[in-house]
Amino acid sequence: MKGHGAKFDRKQEEAVAALLTHRSIEEAARATGVSAATLIRWMQVPEFDAEYRKARRAAFGQAVARLQQMSGAAVLTLGKVLVEAGTPPSTRVRAAECILNHAAKAIEIEEIVARLQELEKAVKERRA
């Protein structure tokens, strides 16, 4: 990074990727071929930090998408545990509690979203 607003070079792009895939700054630096001190210094540069945070958000978004993909199977598993005759009663109670808690949270979120949409609509109408 030569100066303020300078473009990322290939090593810095590699460093961002390495930070996401390695357990420590030292490991990421080794994988990138720079010293840990250099990587730490880059992390203090606003442009590098912004790219790193952007990459972290993208990686987290992928993890959340994966969770959403697996949620159907998780619900089926909870339902199966709840209704299977051979399941210990304490496990069935826990599955029932989990299902009810998540259903209640979903309803609360839906209600909050609906109220927020109504408020946003009212604000738009007042501005118009």
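## Report on a predicted helical model

Leaving aside neighbours within four places in sequence, Thr32 is in contact with Lys11, Glu14, Ala15 and Ala18; contact means heavy atoms within 4.5 Å. The model is predicted, so that local features need pLDDT of at least 70 and side-chain atom pairs count only at pLDDT 80 or more, whereas totals for chains, interfaces and linings use all residues. Residues are numbered from 1 along each chain as its sequence is written, and side-chain values use heavy atoms, with hydrogens and water left out.

**Thr32 and its helix**

Thr32 belongs to helix H2, which covers residues 25–32. Helices are DSSP runs of H or I with at least four residues, numbered from the N terminus. With a relative accessible area of 2%, Thr32 is buried. Buried means under 20% relative accessible area, exposed over 50%, and partly exposed in between, computed with a 1.4 Å probe on protein chains only.

**Helix H4**

Helix H4 spans residues 46–83 and has 38 residues. From its first C-alpha to its last, H4 reaches 54 Å, close to the 56 Å expected at 1.5 Å a residue; the expected span is 1.5 Å times one less than the number of residues. H4 bends by about 40° at Met70, where the bend is the angle between axes fitted to the seven residues ending there and the seven starting there.

The buried residues in H4 include Phe48, Tyr52 and Ala55. An α-helix has 3.6 residues a turn, so residues three or four places apart point the same way. Helix H1 (10–21) and helix H3 (36–43) are among what covers the buried residues of H4. Phe48 counts as buried at 0% relative accessibility. Arg66, also found in H4, is partly exposed, with a relative accessible area of 47%.

**Pairs across the sequence**

Glu13 lies in helix H1 and is partly exposed, with a relative accessible area of 48%. Lys121 is placed in helix H5 and counts as exposed at 54% relative accessibility.

| Pair | Apart in sequence | C-alpha to C-alpha distance |
|---|---|---|
| Phe48 and Gln12 | 36 residues | 7.7 Å |
| Glu13 and Glu51 | 38 residues | 8.6 Å |
| Arg66 and Ala96 | 30 residues | 24 Å |
| Lys121 and Leu82 | 39 residues | 42 Å |

**The largest pocket**

On a 1 Å grid over the protein atoms alone, a pocket is an open set of points where a 1.4 Å probe fits, with protein on both sides within 12 Å along at least five of seven lines; lining residues have an atom within 4 Å of a point. The largest pocket holds about 240 Å³ of space. Grid points are joined across faces, edges and corners, and the volume is the space filled by probe spheres set on the points.

The lining of the largest pocket consists of Ser71, Ala74, Val75, Leu78, Cys98, Ile99, His102, Ala103 and Ala106. The elements that give two or more residues to this lining are H4 and helix H5 (89–127). H5 supplies the largest share, five residues. By class, the lining has seven nonpolar, two polar and no charged residues. Ala, Val, Leu, Ile, Met, Phe, Trp, Tyr, Cys and Pro count as nonpolar, Asp, Glu, Lys and Arg as charged, and the others, Gly among them, as polar.
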